[in-house]
Amino acid sequence: MIGELPTAGPAAVSMGVFDGVHRGHQAVLRATREAARASGAASVVLVFDPHPDEIIHAGRRMPRLTPVEVVERRVIQAGIDHVQVVRFTREIQNLRAEEFLAALSPAIEVRRLVMSPESAFGRGRGGTVARMRDHGRQAGFEVVLVEPVVADGLPISSSRIREAVTAGDLPTVRRLGNPVYLEGTVVEGDHRGRELGYPTANLRFDY
């Protein structure tokens with residue numbers, strides 16, 4: 001159902017798309033690492049791919065700020081013990097949050113679940129912080145809350161960075177997080193570079 005998982009045993013777990021691994025994501029990664037260390041457990045990050053919105057809303061496309069392979073590398077560089085890309089499917093979409101966490105066992109035994117105030121997962125986004133706190137008291141784990149990182153009065157998010165990329169606002173992109181990767185399609189231009197003796201490639205971006 002979820003696919004191959006690392007054999008981590010007792011763990012502090014966080015999950016999400018982590019697109020861009022921006023400053024907000026980095027705070028979640030630090031909290032996951034620290035929660036694992038405090039409880040003598042492993043740190044585990046589950047990265048959803050493709051973006052859940054592409055499955056939940058058929059036809060919607062969510063351009064990535066960074067390829068998932070780069071996300072994996074940045075998460076490991078942040079000191080996380082295990083990072084696993086989880087293919088997000090209709091089957092996973094329809095799991096209740098409690099069912100999703102149960103499906104991680106026995107490879108991953110959730111001891112601390114790292115969340116932000118607005119994060120939610122599972123069917124209908126039912127796995128809110130409040131609900132997971134209640135469930136954790138029965139299932140034997142604690143919810144660790146990470147407050148959002150704010151810049152210019154607003155929480156840092158991947159959507160804010162996408163908007164900055166679309167607007168060509170690179171200073172804001174740099175201020176909010178890591179460098180982004182842009183992929184585009186080579187298209188025919190006006191051949192001005194060739195006339196100047198410097199042939200160039202013209203790219204069309206889907207942002």
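This is a predicted model: local features need pLDDT of at least 70, side-chain atom pairs count only at pLDDT 80 or more; totals for chains, interfaces and linings use all residues.
The views below begin with the ring contacts and then turn to the strands.

**View 1. Phe48 and Phe88 form an edge-to-face pair.** The ring centres of Phe48 and Phe88 lie 5.6 Å apart, and their planes meet at 75 degrees; the pair is therefore classed as edge-to-face, for which the angle must be over 60 degrees. Phe48 and Phe88 are both buried.

**View 2. Phe48 also pairs edge-to-face with Phe100.** Here the centre-to-centre distance is 5.9 Å, with 65 degrees between the planes. Because Phe48 lies in strand β2 and Phe100 in helix α5 (residues 97-104), this contact ties together parts 52 residues apart in sequence. Both Phe48 and Phe100 are buried. Ring pairs join Phe48, Phe88, Phe100 and Phe121 into a cluster.

**View 3. Strand β2 pairs in parallel with strand β1.** Six bridges connect β1 (residues 9-16) with β2, and Met15 has Leu46 of β2 as its bridge partner. From β1 the chain passes through helix α1 (residues 23-39) to β2, forming a right-handed β-α-β crossover.

**View 4. Strand β2 runs parallel to strand β3.** The two strands are joined by six bridges, with β3 spanning residues 82-87. Val44 stands opposite His82 of β3. Strand β2 (residues 42-49) is mostly covered, with seven of its eight residues buried.

Definitions and conventions:
Residues are numbered from 1 along each chain as its sequence is written. Side-chain values use heavy atoms; hydrogens and water are left out. Buried means under 20% relative accessible area, exposed over 50%, partly exposed in between (1.4 Å probe, protein chains only). Helices (H or I, at least four residues) and strands (E, at least two) are DSSP runs, numbered from the N terminus. Two strands pair if DSSP finds at least two bridges between them. A crossover is right-handed if, with the strands pointing away from the viewer, the path from the first strand over the helix to the second runs clockwise. Rings of Phe, Tyr and Trp (its six-membered ring) pair if their centres lie within 6.5 Å; planes under 30 degrees apart count as stacked, over 60 as edge-to-face and the rest as tilted.
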